[in-house]
Amino acid sequence: REGRPVFQNNIPSTGKCKVPMPHRYLELTTQLVLKAQIADEKMKIVEQVIRNNCFDTHQLRELLGFIEFEIEKLKMAKLAYAHLTNPQHADHLLSVFRFSASRSDLSRFLAS
């Protein structure tokens, strides 16, 4: 609206995510990220979507793919964990990371 992105919100009032965000939200996010030209802008868009929506691991993998910096990607993965509809498959997120240190850190986080 008025040249600014409008972020959807599908977190239920109970706070417990059971249904992932509609695919349309992911499509809109992709459009916003592709229009952003600075890595920081892209990360802010992804962060807003992560903070305001429920998603499955497949959707989260796509969102994390928009983030360039490994440390920021790891931070977003940890932040997003609480909004996963299928946290039992969170280990599928490990493939998004390039560095073994990041994968190890996320593995430790998931184990705790």
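Okay, valine 96: at 16% relative accessibility it counts as buried, because buried means under 20% relative accessible area, with exposed over 50% and partly exposed in between, using a 1.4 Å probe and protein chains only. This is a predicted model, where local features need pLDDT of at least 70 and side-chain atom pairs count only at pLDDT 80 or more, while totals for chains, interfaces and linings use all residues. Residues are numbered from 1 along each chain as its sequence is written, and side-chain values use heavy atoms, with hydrogens and water left out.

So where does valine 96 sit? It's in the loop between H4 and helix H5 (100-111). Helices here are DSSP runs of H or I, at least four residues, and strands are E runs of at least two, numbered from the N terminus.

What does valine 96 touch, leaving aside its neighbours within four places in sequence? Arg61, Leu64 and Lys73, where contact means heavy atoms within 4.5 Å. Valine 96 and leucine 60 are 36 residues apart in sequence, and their C-alpha atoms are 9.8 Å apart in space.

Now look at leucine 64 from its own side.

As a reminder, an α-helix has 3.6 residues a turn, so residues three or four places apart point the same way.

Next, the core. The largest nonpolar core has 26 residues, and Val46, Ile50, Leu60, Leu63 and Leu64 have the most contacts inside it. A nonpolar core is a set of buried Ala, Val, Leu, Ile, Met, Phe, Trp, Tyr and Cys residues joined through side-chain atoms within 4.5 Å. H1, H2, H3 and H4 each supply at least two residues of this core, and the largest share, 5 residues, comes from H2.
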